[in-house]
Amino acid sequence: MAKTKTPAMAAVPYVPVAEDFVLKNASGELALDANFASQSFWKDVIIRFFRKKSAVIGMVLIIIITLMAIVGPGMNAYTYSGQTLTQKNLAPRVAALEKFGIFDGSETMRTTTGSKTVNNYIEKGLEDVYYWFGSDNFGRDIWTRTWSGTRVSLIIAAAATLIDMIIGMSYGLISGYFGGKVDMLMQRFLEIMNGIPRLVIVTLLLLVLEPGMLTIIFALMLTEWVGMSRIARAEMLKLKEQEFVLASRTLGAGKFFIIFKEILPNIIGPIITQVMFSIPTAIFTEAFLSFVGLGIPVPRCSLGSLISEGYNSFTTHPFQIIPPVVVMALLMFSFNLVADGLREALDPKMKEM
Amino acid sequence: MKKYTLKRLLTSLFTLLAILLVLFILMQLMPGSPFNDEKLNDDQRAVLYAKYGLDQPVLVQFFRYVGNMLKGDYGVSYNISKNTPISQLIQTRLPISIGIGGAAVALGALMGLILGLIAALKHGTFWDTIATIISVIGVSVPSYVFALGLSYTLGFRMQWFPMLYNAQLATQSSVLPSIALSMFTMASIARFTRTEMLEVLDSDYMLLAESKGISGPALIFRHALRNALIPIITVLAPLIVDLMTGSLVVEKIFAIPGVGSLLVNAIQSNDYNVVISLSFIYSAMYIAIMLVVDILYGVIDPRIRLAKEGD
């Protein structure tokens with residue numbers, strides 16, 4: 001709102017005075033503008049998301065764990081598969097923390113008859129050897145293995161969820177848009193798919209195929225898309241009668257243009273939320289498969305296979321199972337928090353969960 | 001209602017057949033043959049094939065297979081305990097698994113209801129926060145992590161409960177696995193109860209009930225909880241199914257001689273016949289649970305019934 005002074009139309013040019021360059025005191029108006037400015041949907045969502053403390057904590061944790069999965073295995077000289085059989089089952093030892101009496105490489109051995117504290121680093125003469133999370137039964141560094149396992153688990157979860165999203169979304173959208181006989185057939189097929197326990201599909205598939213990362217992703221893909229397609233179909237049924245679809249159709253848009261270009265952008269919110277909920281499920285399923293013995297083949301590792309290795313000696317060397325368990329629990333916890341936050345941010349009217 | 005039930009029954013039957021077909025195809029695809037002994041010559045192998053009916057056409061084999069499965073004749077175990085009928089293996093194990101699973105469902109549902117009720121009634125207070133944190137942890141930490149934690153602390157360090165299943169101390173041995181399994185159910189039920197109760201407590205009929213002078217437990221339990229329970233029952237079915245998955249690992253951790261650990265052992269020792277029979281039993285139980293809950297839901301809530309009949 002600049003001050004308007006009509007300059008004199010006469011030949012005498014207007015000479016500005018100092019007063020013209022003083023800002024108008026418009027703080028009230030500016031505040032009004034900021035408060036009632038029309039904001040884009042996504043900006044609103046982001047503001048609501050960051051207002052929720054638990055969601056932010058979850059996101060920070062996910063970022064930290066992902067970063068560690070990327071740089072963690074390279075932070076010391078050990079490799080995930082390098083075995084040093086003379087240095088097995090060593091307790092965690094960190095150079096900087098040693099002096100405080102924690103992470104100094106001593107561990108308390110407990111048996112039914114009693115317990116004693118030993119420091120295997122000193123007893124075996126390994127004064128300058130450091131395993132930050134300890135070493136496992138084959139003398140492998142648990143720090144490196146934990147983070148490379150996290151990397152594998154995250155890759156599997158992300159890939160499986162992404163493929164699920166694409167399949168489930170397309171299936172649900174097509175089924176919902178066409179309706180009638182197509183919908184009927186597609187839904188009956190889905191009901192049958194849904195009637196087969198996930199556990200059974202995954203187990204049987206892994207029995208037939210070679211175990212490995214691709215097989216696990218494939219198995220997860222086959223089972224998780226059902227939930228995604230339900231959500232996509234429900235959203236489609238809500239949207240397809242709306243005016244903008246009618247308008248697009250009147251303008252001559254094709255069916256698939258309407259489905260993927262007009263409606264898809266409008267349902268991306270619930271889909272992303274569902275993706276966030278699917279990732280912990282995928283991580284869990286992978287860990288479960290590894291525990292059962294259908295996971296990543298050795299010497300590669302995932303969080304699940306690390307847990308099942310640690311389980312074999314978890315009463316004698318509990319430190320071996322703690323890192324993968326904590327990382328996995330934190331990952332699942334954070335993804336759930338973020339998904340919750342996202343769901344609320346996307347749909348503030350929805351009932352609070 | 002009849003039409004709806006019939007429709008659901010048919011779908012379930014179809015699903016069961018589809019599963020049998022998948023299982024049968026998988027059996028055909030399995031690498032190797034059940035008779036891998038190198039000492040067998042071709043003639044002996046042919047005799048064995050004839051004995052188990054593996055020389056018949058595929059279609060005949062399939063129908064015989066379906067018939068046998070439905071009759072409960074699952075064939076014999078090849079590796080785990082040689083030539084023992086699988087139905088016999090399962091007979092002793094199923095009750096143990098069902099007992100522990102049932103205890104877990106009951107415990108989880110009860111604790112979840114209590115937790116959810118507290119959170120809803122004390123909405124926005126310290127108790128609500130505590131209940132929410134417990135339920136988020138319960139949902140996001142897998143049951144076998146709880147199992148490991150419980151088995152290490154209460155089993156190994158405190159020695160309150162046996163660490164491994166002991167048939168003589170069946171009740172004490174079932175405590176830790178049941179708790180570990182119930183955590184997920186508890187957390188999910190707590191979340192749903194809280195949401196539903198908050199909605200119900202906010203409704204007009206609760207205001208009416210209150211203004212008519214009803215108060216205290218009668219108000220909460222007879223008027224509020226009853227209405228909140230309907231959606232909670234629906235989530236119980238998928239929860240029971242998740243619990244079946246969880247039971248596999250938990251049974252393995254506590255060395256429980258149940259169906260879950262049998263399946264894990266069968267997978268690890270490539271006993272395909274056992275894996276496939278157990279997959280069938282799991283699927284059948286799953287389908288049955290889904291069917292019962294869907295029909296029950298229609299009985300409880302007439303709105304659902306009417307809507308579904310309109311389809």
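Author: Among contacts in chain B with a separation of 6 or more, 74% are between residues 24 or more positions apart. Please keep in mind that this is a predicted model. Chain B contains 12 helices and 0 strands, and reading from the N terminus its elements run α-α-α-α-α-α-α-α-α-α-α-α. Its C-alpha trace spans about 85 × 60 × 30 Å along the principal axes. Of the 311 residues in chain B, 36% count as buried.

Take helix α7 (residues 170-201) of chain B and helix α9 (residues 216-253) of chain B: their axes come within 9 Å and cross at roughly 160°. Because of that angle, α7(B) counts as roughly antiparallel to α9(B). Sorted by class, the residues in the contact of α7(B) with α9(B) are 17 nonpolar, 6 polar and 2 charged.

The second pair is formed by helix α10 (residues 259-268) of chain B and α11(B), which pack at an angle of about 145° with their axes 8 Å apart. Here the crossing of α10(B) and α11(B) is left-handed. From α10(B) come B:Val259, B:Leu262, B:Leu263, B:Ala266 and B:Ile267, and these meet B:Val274, B:Val275 and B:Leu278 in α11(B). By class, the contact of α10(B) with α11(B) has 8 nonpolar residues, with no polar and no charged ones.

What does B:Val275 touch, once its neighbours within four places in sequence are left aside? On its own chain, B:Val275 is in contact with B:Leu263, B:Ala266 and B:Ile267, and across in the other chain with A:Thr203 and A:Leu207. B:Val275 also belongs to the largest nonpolar core, a set of 143 residues. It is listed there among the residues with the most contacts inside that core, together with A:Ile283, B:Ala147, B:Ala180, B:Leu263 and B:Leu278.

B:Ile295 also has its place in α11 of chain B, the helix that covers residues 272-300. For a sense of distance across the chain, B:Ile295 and B:Gln88 lie 207 residues apart in sequence and 32 Å apart in space, C-alpha to C-alpha.

That brings us to the partner. Between the chains, 39 residues of chain B are in contact with 33 residues of chain A. On the chain A side, α6 (180-195), α7 (198-208), α11 and α13 (322-346) each supply at least two of the touching residues. The residues on that side divide into 25 nonpolar, 5 polar and 3 charged.

Chain A itself has 13 helices and 2 strands, and 39% of its 353 residues count as buried. One helix of chain A deserves a stop here: α12(A) is mostly covered, with 9 of its 9 residues buried. Its buried residues include A:Leu306, A:Glu309 and A:Tyr311. They pack against α5 (142-178), α11 and α13 of chain A, together with α6 (143-157) of chain B.

Of those neighbours, helix α11 (residues 268-292) of chain A packs with helix α12 (residues 303-311) of chain A at an angle of about 40°, their axes 7 Å apart. That angle is why α11(A) is oblique to α12(A). The crossing of these two, α11(A) and α12(A), is right-handed. Among the residues that meet in this pair are A:Phe288 and A:Leu289 from α11(A) and A:Leu303 and A:Ile307 from α12(A). The residues of this contact of α11(A) with α12(A) divide into 6 nonpolar, 4 polar and 1 charged.

Notes: Residues numbered from 1 in each chain as written. Chains lettered and ligands numbered in written order. Predicted model: local features only at pLDDT ≥ 70, side-chain atom pairs only at ≥ 80, totals over all residues. Axes fitted to C-alpha atoms, helices over the stretch in contact; angles between N-to-C directions. Helix = DSSP H or I, 4+ residues; strand = E, 2+ residues; numbered from the N terminus. Parallel < 35°, antiparallel > 145°, perpendicular 65-115°, else oblique. Left-handed = near helix turned anticlockwise from the far one by under 90°. Contact = placed C-beta atoms within 7 Å. Nonpolar A, V, L, I, M, F, W, Y, C, P; charged D, E, K, R; others polar. Core = buried A, V, L, I, M, F, W, Y, C linked by C-beta atoms within 7 Å. Buried ≥ 20, exposed ≤ 12 C-beta atoms within 10 Å, placed from the backbone.
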